[in-house]
Amino acid sequence: MSVASVHQNPVHQSSSISPSKMDLPEEIQHPYTKFSEWKFKLFKLRSFEKIPSDDSQRVSKDQVEEVASSDKSIIVQKDETIQRGEKSVWTHIDLMGNRQTLEKDANDMKIRDNEVHQNNLKQLCRICGVSFKTDCHKRSHPVHGPVDNETLWLLRKKEKKATSWPDLIAKVFKIDVRGDVDTIHPTQFCHNCWSIIHRKFSNALCEVYFPRNTTMEWQPHSPNCAVCHTTHRGVKRKSQPSSVQLGKRLKTIAERTRINKGLKNQAQIKNKNLMKEIANCKKMHLSTKLLAVDYPIDFIKSISCQICEHILADPVETTCRHLFCRTCILKCIKVMGSYCPSCWYPCFPTDLVSPVKSFLNILDSLGIRCPVKECDEEILLGKYGQHLSSHKLIKERELYSHINKGGRPRQHLLSLTRRAQKHRLRELKSQVKAFAEKEEGGDIKAVCMTLFLLALRAKNEHKQADELEAIMQGRGSGLHPAVCLAIRVNTFLSCSQYHKMYRTVKAVTGRQIFQPLHALRTAEKALLPGYHPFEWRPPLKNVSTNTEVGIIDGLSGLPLSIDDYPMDTIAKRFRYDAALVSALMDMEEDILEGMKAKKLDDYLNGPFTVVVKESCDGMGDVSEKHGNGPAVPEKAVRFSFTVMNIAIVHGNENIRIFEEAKPNSELCCKPLCLMLADESDHETLTAILSPLIAEREAMKNSELLLEIGGILRTFKFIFRGTGYDEKLVREVEGLEASGSTYICTLCDATRLEASQNLVFHSITRSHTENLERYEVWRSNPYHESVDELRDRVKGVSAKPFIETVPSIDALHCDIGNATEFYRIFQLEIGEVYKNPDASKEERKRWQLTLDKHLRKKMNLKPMMRMSGNFARKLMSKETVEAVCELIKCEERHEALKELMDLYLKMKPVWRSSCPAKECPELLCQYSYNSQRFAELLSTKFKYRYEGKITNYFHKTLAHVPEIIERDGSIGAWASEGNESGNKLFRRFRKMNARQSKCYEMEDVLKHHWLYTSKYLQKFMNAHKTLKSQGFTVDPEDSLGDSLPLEGSLESHDSGEF
């Protein structure tokens, strides 16, 4: 169609174009008027979106060219006459396709832009916003999820319950990350923030600082996004030729930098002055100028507050390891916010803790000059408060002193003559006289004595007051404090009971026979560990050189590598070396007497060899109704030791200067550790006894330097762990339980082998071999099956942690054998040798019959569990005679009597302390008796011992001669002394301990130690001797007479002790 035709038919033109215009988009309905707006939208879209890649740019250029060509075609079609409607329809379809393509590209660009934004977020820290590229190792940690192993170990050590990163981030940085969105917030945080979290929960030194004053706030993605916008700014400028004014410009920049730095320093100084004004502690805290010694500047900074710059007063430590005075830091936090004034690290009042004790000791030992005028005294900082109070007291006295109206200065009362003293005190004397006549019947002496004693006691000079009171009353100083302490400990008197007795005796007799409690406390300090100085050469490994160590917590010294150490227990103990020193000092007189008896008074060479027996055993149920504190097991375990003998090498001879006469008495078995725990709890037992065993191992390779008799002497120690029952030996040596196939803790025999060969076995096990077998069990180097591996290691299934001597515990051996005889008696009553298949009801009836008969004939009450006393009464010929009354067969009577007779011949060999002296004939006959005993078991009692045998029967028959040949005795090395102490534990806990679980172990351990003191035992024996001779206290005696008890004790004390 031509142009002329279009001009000629305008109506037709409008009618032909209008339908297509109604369907076209708004942007191109009027191309001449709307094109600029449409073009603006196109360029707006391109300018505000992210710059695409080269491929996308190439695609968009092609699309723009297509759009431009389409615009030209539209214009041409407007100028020309459209003949066919089909052409306009195709044009509409092309334009719609172009618009959809543009929208699709815009959406793709938006999605791509969001992806780029998320990729940028992945490179940033969620907490501080720092890029991970700044870290050379590029370490990062997930915001959501469980913590890593190192952090989990730290939290367990600090007993924290948080196990996920959101909890820790919320606790440390006060940020809630649980509602994070991946398109807005980063999903990782940097290693620097990880270190800050670690620093919050640990005490390790770490110079880590938060890079921002506040945490990062994240916003959704936008055209002006701060995360993505930083990546578009890296446009390089063209290099410009150097100008002549460049040097002047650099000078200007340097000058401005110098000025800004000066302003910054001024701001810091101003800030510091502001904090000093906030603290305002000039009148309270001491200046560093008062230090008596000219210390280095760095040292002075370390002991001064970083706010007020005074010497630290009541110092506290922040989480960032800075030190401040408590009042200064609290005032600054209240005014300036919860930040450290030194590094602006977040700091809250609840985060403030006291520094370590060693630093406080150094601080208290600093010498300072007294700031009071006319007082140039140099005192320790720790005693400054006491010194200052004396100044205040003098000042108060001056305020109320008598005004001297001219004349000579007043002299002190004691420096005056007697006439001047009477003159000055004439008013006071008249007041005292009036009071005495009104209240005390004119006894002025009693009033003055009471005033003087009260003045002494007001200044805590109780000892001087007691001695003066005793002298004034003409009765001496009464009983020796050690005698009073021995009476109190041996009669199980509590503090309140003893004080009541002290007051009653004093009121009734008018004399101070017993010493007050403070005198007893002074006496007991010298008897407890931690009083005497000593030294180790070489020093003990991993043991403090401090000798003033008393009762400590049982968990102290626990290695930090243990993750889940037991907290549900209460344990108290002495340090092993301090306890041994106290025991030796307690035996000082015995050692010197032994040297004198051997004519070695002047012996100064070589070390004294001390042999120590160690015992450990559970005490069973010790539950008490009273007491508060944490829920702990109601079973107790005690670890104790006994000094068996002390020997010296003189020439070529080993001479014993001391030997314990009663090694199985509770009086010589000294407690070392008490714990409320179950002896079968391997983890708790290991955790508490491991530090103690480490101290023992360190003492093996060192020598003790201790002053005995005024001369410095050397001691070496030999430790023998023999006082363990079979259950505890298996526990500490890592062996299987008592019901194991491997029956013995001394040899490798199985139960079947021991039953087939009852006598001929030798000791093969040792602590070193058990450790080697445990390593084989743990590593399985030969790749064997479970049964093969178990057969190789002979029943070792855990790591041994206490070295024991392969031996037999005589007490538990006797109890175990008595239990087996008790079982044999029941089986003989039921005639099991004829009818082995008896029911449980029949066996129960046999036991009831036996118990009833033993109670009637032997006065033996039935017991749920065999005890030592029951075992001693049961194993006798009279018991066998009584049991034979219930057995019909005469042949069984003879077999049972012979079995008991052989046992009673063998028993003294392992029960006596020295069988070579006490029962030499039975020692020679032991091998024959044991073989005959084994023959009876395998023939007459075959129904019981065919293919099996009990643990203690095996040890009794097979190992006793070998142990006696090695050690000389079995009974002396038994755990009987430790077992006898069980009743002492219950008695002391009930009578002498404070009724709180946190303190009762400490009190029981202290009183039990004092009970075993040989020094107190001598005083107690003297007291009992005098009491048995009829010396009593007569309250009717006059005050001037002396008590027979006092005089006897004093003379006895001066003569013997």
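This report walks through a predicted model, from its overall make-up to single residues.

## Ground rules

Because the model is predicted, local features need pLDDT of at least 70 and side-chain atom pairs count only at pLDDT 80 or more, while totals for chains, interfaces and linings use all residues. Residues are numbered from 1 along each chain as its sequence is written, and side-chain values use heavy atoms, leaving out hydrogens and water.

## The whole protein

The protein has 43 helices and 15 strands. Both are DSSP runs, numbered from the N terminus: helices are H or I with at least four residues, strands are E with at least two. Of its 1057 residues, 42% count as buried. Buried means under 20% relative accessible area, exposed means over 50%, and partly exposed lies in between (1.4 Å probe, protein chains only).

Contact means heavy atoms within 4.5 Å. Take the contacts between residues at least 6 apart in sequence: 68% of them join residues at least 24 apart.

## Strands side by side

Two strands pair if DSSP finds at least two bridges between them. Strand 9 (residues 571-574) runs antiparallel to strand 8 (residues 551-553), with three bridges. Here Asp 553 stands opposite Lys 572. Strand 9 is also joined to strand 13 (residues 670-675), antiparallel, by three bridges. Arg 573 has Cys 673 as its bridge partner in strand 13.

In a regular strand the side chains alternate between the two faces of the sheet. Strand 9 shows two directions: Ala 571 and Arg 573 point one way, Lys 572 and Phe 574 the other, and all are buried.

Strand 13 has another partner. Five bridges join it to strand 11 (residues 635-650), again antiparallel. Phe 641 is bridged to Lys 670 of strand 13. Six of the six residues of strand 13 are buried.

## Nonpolar cores

In soluble globular proteins, nonpolar side chains tend to be buried together. A nonpolar core is a set of buried Ala, Val, Leu, Ile, Met, Phe, Trp, Tyr and Cys residues joined through side-chain atoms within 4.5 Å. The largest core has 95 residues, and Tyr 576, Phe 641, Ile 646 and Phe 717 touch the most other members. Helix 22 (residues 576-586) gives the largest share, eight residues. A second, separate core of 57 residues includes Ile 743, Cys 813, Met 866 and Ala 974.

What does Phe 717 contact, leaving aside its neighbours within four places in sequence? The partners are Trp 536, Leu 580, Leu 584, Val 610, Val 612 and Leu 704.

## Aromatic rings and charges

Rings of Phe, Tyr and Trp (its six-membered ring) pair if their centres lie within 6.5 Å; planes under 30 degrees apart count as stacked, over 60 as edge-to-face and the rest as tilted. The whole structure holds 23 aromatic pairs. One of them, Phe 492 with Phe 988, is tilted, at 5.0 Å centre to centre and 55° between the planes. This pair links distant parts of the chain, 496 residues apart: Phe 492 is in the loop between helix 19 (481-490) and helix 20 (495-509), and Phe 988 is in helix 40 (residues 976-991). Both Phe 492 and Phe 988 are buried.

One aromatic cluster is formed by Trp 536, Phe 574, Tyr 576, Phe 641, Phe 717, Phe 719 and Trp 1009. A charge sits over a ring if NZ of Lys or CZ of Arg is within 6 Å of the ring centre and within 35 degrees of the ring normal. Lys 670 has its charged end over the ring of Trp 1009, 4.7 Å from the centre. Arg 892 does this over Tyr 833, at 4.5 Å.

Helix 29 (residues 810-829) has 20 residues and reaches 29 Å from its first C-alpha to its last, close to the 28 Å expected. The expected span is 1.5 Å times one less than the number of residues. Helix 29 is largely enclosed by the rest of the structure because 17 of its 20 residues are buried. Glu 831, whose phi is positive, near 55°, follows helix 29.

Beyond neighbours within four places in sequence, His 853 contacts Met 858, Ala 882, Glu 885 and Leu 886.
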